[in-house]
Amino acid sequence: MAQTSVKGVLVDQATGEELIGASVIEKGTTNGTVTSFDGTFSFDLQGGEKMLVFSYIGYNTIEKTVEISGVELDLGIIQLGSDEVGLDEVKVVANFAVDRKTPVAVSTIQPKTIEEKLGAQEFPQVLKATPGVYATNDGGGFGDSRITLRGFDTDNIAVMINGVPVNDMENGKVYWSNWSGLSDVTRTMQVQRGMGASKLAVPSAGGTINILTTTTDSEAGGNIYYGIGNDGYEKMAFTASTGLSDKGWAFTFSGSHTEGNGWADGLQFEGWSYFANVSKIINDKHTVSFNAFGATQEHGQRRTMMTMDEWNKYGRKHNSDWGYLNGSEYNGRTNYYSKPQLSLNHFWNINDDLNLKTVVYASFGRGGGIAGFGDDRNFNDYRIGDSRSLIDFDRLYRENAVNRESSTYMVASTNHHNWYGGVSTLDWDINNKLKFIGGVDGRYYFGQHYQEISDLVGGEYTVVTRDVHGVSTNHVARVGDKVGYDNDGEVLWESVFGQLEYSEGRLSAFANLAAANVSYRRIDYGNYAYGDHISPWVHSQTISLKTGVNFNIDEKNNVFFNTGYFQRPPMMNAVFMNHTNAINDDAKNEGIFSAELGYGLRTKTFAANANAYYTYWMDKSMVRTMYDNGEVAGYANILGLDAVHMGVEVDFEWRPTNKLTVTGMGSVGDWRWADNVNATFVDQDQNVLGQYDLYTKDLKVGNAAQITAALGAKYEVLDGLSVGADYNFFAKNYANFSPEDRTSEDMEGVQAWQMPNFGLVDVNAVYRFKMGKLNASAFGQISNLLDTWYIADANDGTTWDASTMYIGLGRTWSFGLKLNF
């Protein structure tokens, strides 16, 4: 019989968004196709009764019987539902943006991309081909990666996991080592640049990184994984799920163990991660879901920057923060942490037009960082050679043992916290054009910060001068005893938000208002007499206003515009001056104004986005580390710093055939500090060194490449075998200004040192095959294929030979095998 064309459109059942790259195939054959950028598909079938299979990663596969009779067959819109229980509801809580509807600049990273490209890299590295993103491995320690978005560090990027904010409540930062197992359970990640789609009052000056973890698989099964890589990297992981039972129950559990020596010297690491979900569909109105996930890890660190001459002398794998003790590696800098997060979700479909989604959560952080303390905290008198050589811990041990009293020893800077919160969101479809979304966001955080002796390195005790409730005494201290600072911080956050959304035909728009009250209290056990050691609560009220509109010109073209103004409270270290309970009356809310204009193009084989943005940031408070010869010497508390961030971004994806995909992006930014400011300098023991004017006007924002570009390709060589390559280019990257070098009026107008441009090549391959009746996948990935030397981060010395820096990681590789059952 003659061939006949069959066509249709595949969409997400919950959002109506077109599914790109989904598979449509005649069952039992290789005859089929994948959906285009508009979700459409079309291919030919022989006449007669045929069974079509529609599948897409992350969605339930469906089969449909069709009758081919010689006349073109239009199957219309075909909906695929999520293969996980409760995921659609979590997407709503997490404020996921919808293409050609939500008026924000957005990039969505699917689990398939994470699986194929991440390998043994740090989690933020998978975002480096996203416009405006600069991700580095910092010193190279496990989980020590850092990321900037449009020139903003994580204290001004809202990071959300399943709709729950995870930025530190005291300083706004995100420590990726706390989430070292997150890549194992990430279902989808979305980067919303600029104001973003979040309805909460969150610090999204640069954007929002929205991470959705897996929930519970609707079908029984699981997988096991084993991977190896460079420098002793080894990873084992598994996942098991019961699927959804007839009584509405579903259980999923996964865990992994990762260890290795690290790419550079002295960076050995070990981590355990875990994830569990229990879901219950009570009836057609109520579903509850409980999540528990986290990671426990310990890793060596490299925190001493060096000059280029020193890197050339020692090699880029050198680390001067470690040595040997009794024949074993001993780290002078170590990080250890465990941060489980528990959440309970309740989804209530009140009626067809009204539903309530609530999540309550708790997080318990335990851990800190270990470093030298005492007479020679940088171990400069115990080097096997010059100041950058390895540390002779054996000699330190012998001297401490002979004296019994340790002069230099190891101290853990401990940061524990308990964090409780809840977000409740009400969705009301007022009519078929207008929707209201409103809710509350509440959080309570209690953090403990103190230093305690972790190892006397051969000695029996040490004698320290310690302040306890305002009384300074000499104190004999042993392992486990407190030394140095000892204080707690409390944060209360109460917020309400409301949003109106309008959608009719080709037009969609929203207007959002959020208000928050943020309260800080500090408890200092050292500097104040008992009864006076608890500060009063300090309150800050903030508002957030934003609006946007998207217009679909036709089926291929759309434009959008968004603008807004929001405030964020000053960080805790700006509210309380110089690590005391003294309240800084000059601490102000930071204000951020932003505006953005964008354009999108979608054809069957090509998709592209372009946007331009302007952000003005007022009264930023920040703490900047000061260095002496590359080593930490103290900190500068800076208030009232303004900045301008503006730029343009483009990205595209082209699929000329079903086997070839080409991607690319480019972004050009102009990010600079706008004024001169005053700063208070303190040493590592938090003693005030003085106040200084900093000449920072027109300095470029540092350690964030202001020009980035990427070009990638993926090709299906054989059935199931795909290979890919990516080239990333970084330019216009300036060193972070050093506060201690900006106190002279002669430095006004002197630009920070610009680092050399560089490009990196990554390659990957995946082979999906059958192992008996089971599906299996093999993954191979090489980062920095050409082993390129490049400067990843630097502190300014105004010239290349005076600046200290981190050299980026060289070639790394990994190979993994996954078996699904």
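**Confidence**

I looked up pLDDT, the predictor's confidence in each residue from 0 to 100, and found a chain mean of 93, with 100% of the residues reaching 70 or more. This is a predicted model, in which local features need pLDDT of at least 70 and side-chain atom pairs count only at pLDDT 80 or more, while totals for chains, interfaces and linings use all residues. Residues are numbered from 1 along each chain as its sequence is written, and side-chain values use heavy atoms, with hydrogens and water left out. Elements are DSSP runs numbered from the N terminus: helices are H or I of at least four residues, strands E of at least two.

I located Glu-310 in helix α4 (residues 308-314). Glu-310 has a relative accessible area of 17% and is therefore buried (under 20%; exposed is over 50%, partly exposed in between; 1.4 Å probe, protein chains only). I then checked Arg-388, which is 78 residues from Glu-310 in sequence and 8.1 Å away in space, C-alpha to C-alpha. The side chains of the two residues are joined by a polar contact of 3.3 Å (a pair of N or O atoms within 3.5 Å; within protein, one must be able to donate a hydrogen and the other to accept it, and residues adjacent in sequence count only if both atoms are side-chain atoms).

**Second largest pocket**

I recorded about 610 Å³ of space in the second largest pocket. A pocket is an open set of points on a 1 Å grid over the protein atoms alone, where a 1.4 Å probe fits, with protein on both sides within 12 Å along at least five of seven lines; lining residues have an atom within 4 Å of a point. The volume is the space filled by probe spheres set on the points, which are joined across faces, edges and corners. Of the 31 lining residues, Thr-465, Asp-467, Gly-484, Tyr-485 and Asp-685 lie nearest the centre. Strand β30 gives the most to the lining, with six residues.

**Positive phi**

Most residues other than glycine have a negative phi. Arg-100 is buried, at 17% relative accessible area. Asn-784 also has a positive phi, of about 50°, and is found in the loop between β47 (774-783) and β48 (791-795). Asn-784 counts as buried, at 3% relative accessibility.
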